[in-house]
Amino acid sequence: MDKNNVGADLPKEICAKYQNNRHALIEILHDVQEELGYIPEALVPEIADQLNVTRAHINGVISFYEDFKTAPIANTHLKICRGEACQSMGADALIEQANQLTAQSQGKISSEPVYCLGNCALAPAMMAGEKLIGLLDEKSLSKIIKKAGQ
Amino acid sequence: MSIVLYLPNDSAAISVGADDVAKEILAQAKNTGLDIKLLRNGSRGMFWLEPLLEVVTKAGRIGFGPVSPEEVGGIVDALAKENFENADHAKFLGLVEEIPYLKNQQRITFKRVGIIEPLNLEDYQKHGGLEGLKKALTLGSEKIVEEVLTSGLRGRGGAGFPAGIKWKTVAAQTAKQKYICCNADEGDSGTFADRMLMEGDPFCLLEGMIIAAIATGANKGLIYVRSEYPASIKTLKNAINILEKSNWLGPDIDGSGHGFEIEVRRGAGSYVCGEESAMLESLEGKRGQVKVKPPIPAISGLFGKPTLVNNVLTLASVPMILADGAKAYRALGRDKSHGTQAFQLAGNIKHGGLVELAFGVSLRELIEDFGEGTKSEKPFKCAQLGGPLGAYVNEEMLDLSMDYEALAKGGAMLGHGGIVVFDEQTDMAKMARFAFEFCAIESCGKCTPCRIGSVRGYETMDKLIAGENVDQNLELIEDLCAILEESSLCAMGGLTPLPVRSAIKLFPKDFGLEG
């Protein structure tokens, strides 16, 4: 498949699901990302056409929100919480550890800090893909990373 | 007769293995041939006991927790002997509602959470659900607003603005199109009450929104849920479907002539979208940038139409206020803080969880009696109240009364009710730096003090931490704090000085100053 042509029909389908309503742009971008794992730049003009807004508007929205990725992410993406509650239970050391381990994973795993997953009574918390994990520690983190790296 | 078990379907409980426990229970039921009925409830909010397995007995629900999949076999054995009351098991907790943590609370908004099956409408009604709405339908707009005013209910999102006044303002607008926007962008670290309610008793929030619609004449509701809460989004969507099918939502609610529909919208990982004008922008499909007020949303909000913006817990408090009477609610609390608050104990604390109590409880009671101190068992250093933009308080301030006025007087704020505990190992200079860094990361960028001040703030903190011209740099920090506080467009920049200044004031040694 042409790399620049990933999901070319997708914007039309997804925008139609929302009656081409420009106010649903954030939902539309979420849906595109759920399908493809990220929002390819090549799809932006088509979304803009469907919603009758400028490309700049869409790029502005994509760049504003942390959730939206413009490049593919690894198969296993870790979101490690760096909110104060998780910091109070040692999140910084876990983030450091994750950075080291993911650097060795040859792109199989990626990680980013996030600011509160709402699991603050079971800190430190992390999301591995869609799965929320509480009471994270060095041991469980390296186990998850090891498993994902295989 | 079947043995009825409850195990939470709450994300936090699942994050420590509730689904694995559920799988094991079903496998054991199959192996032993026992007639086990496993129901999934919300969480009781005692997170150190999760996964908390409950067994229905004649005497009430008894609990085991925290349960690991390996322990399920032993518990199932005890169940087979039907000797629940004296279960000889290390994880046996006795009657769940007799556990002091739960027994000593005043659960009003959370009275059903952890008790019912969240999406069972019949169960909801058996536990008082829809009573408030039925009452509202007999009262009509004006009297509902009066009830909310009388109750003294204030916005639970953080600002504490009297809810009744907002409702009255929206009701007074003559526009045909009005909106109810529920702010479920619970971004403060240390808070999870909205999530617990949306997952554990979604109908309660929807009922509150429907009552708000009848009161204000709104015909469309939107719930802005942060994307970090996928389970809440799913549960709410299902709950909306169920209410639509039973005609509690739709063009003619219960034959009353009122029409109201609710839609769930996802956030996209932006903290500042919890600010109401930024949230409305985001709901319109734009960058979540803060807008200058006035006009206030109650007059010109979503798409320029009158819009009631309330937090999840504000709206979820309303059904009970109408069902039990505004005066009963008003009687609870202290000073101008009426009713109950969902306090959330988080961070380095032994018994983290949700404690719903009338305003006026002391911070010491919450942290020491309910929370039982730090989890690390190292001495307590401080707690941050009200999220990342809230003040730090030290040991000496623990007798502060937890209500809006007393906290404001003590230089702190209640916010959304989050309490994050830190032990003595915490470096407060690092936490102050983090406050600036967080502001820099999450700033919407519209106003200069917040966008640039936050960056200058952590850069200056870096110098200070490195021991460079400590006195001069502290002066600079104070200068920045003054500018941020006075000239930021919203609370993001405006309140960032709160954690920074309180950390410096209470823990000068951490900043290289003589104490």
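Between domain 1 of chain B and domain 3 of chain B, the count of salt bridges comes to zero, a salt bridge being a side-chain nitrogen of Lys or Arg within 4 Å of a carboxyl oxygen of Asp or Glu. By class, the side of domain 1 of chain B that touches domain 3 of chain B has five nonpolar, one polar and no charged residues. Here Ala, Val, Leu, Ile, Met, Phe, Trp, Tyr, Cys and Pro count as nonpolar, Asp, Glu, Lys and Arg as charged, and the others, Gly among them, as polar. This is a predicted model, where local features need pLDDT of at least 70 and side-chain atom pairs pLDDT 80 or more, while totals for chains, interfaces and linings use all residues. Residues are numbered from 1 along each chain as its sequence is written, chains are lettered from A in the order in which they are written, and side-chain values use heavy atoms, with hydrogens and water left out.

As for the layout, chain B is split into domain 1 (2-103), domain 2 (121-330), domain 3 (333-423) and domain 4 (428-511), with bounds from an automatic or database domain assignment. Six residues from domain 1 of chain B and eight residues from domain 3 of chain B make the contact, meaning heavy atoms within 4.5 Å. The C-alpha centres of these two domains of chain B, domain 1 and domain 3, are 30 Å apart. Together they bury about 510 Å², 58% of it on carbon and sulfur atoms; buried area is the accessible area (1.4 Å probe) that two parts lose on being put together, summed over both. Five residue pairs are in polar contact across this interface (both at pLDDT 80 or more), that is, a pair of N or O atoms within 3.5 Å, where within protein one must be able to donate a hydrogen and the other to accept it, and residues adjacent in sequence count only if both atoms are side-chain atoms.

Now for the two chains. Chain A brings 39 residues to the contact and chain B 57 residues, and the pair buries about 3,700 Å², 56% of it on carbon and sulfur atoms. On the chain A side, Phe64(A), Glu84(A) and Tyr115(A) lose the most area to chain B, together 19% of what that side buries. Five salt bridges cross the interface of chain A and chain B; the side chains of Glu34(A) and Arg266(B) meet in a salt bridge (2.8 Å, N to O).
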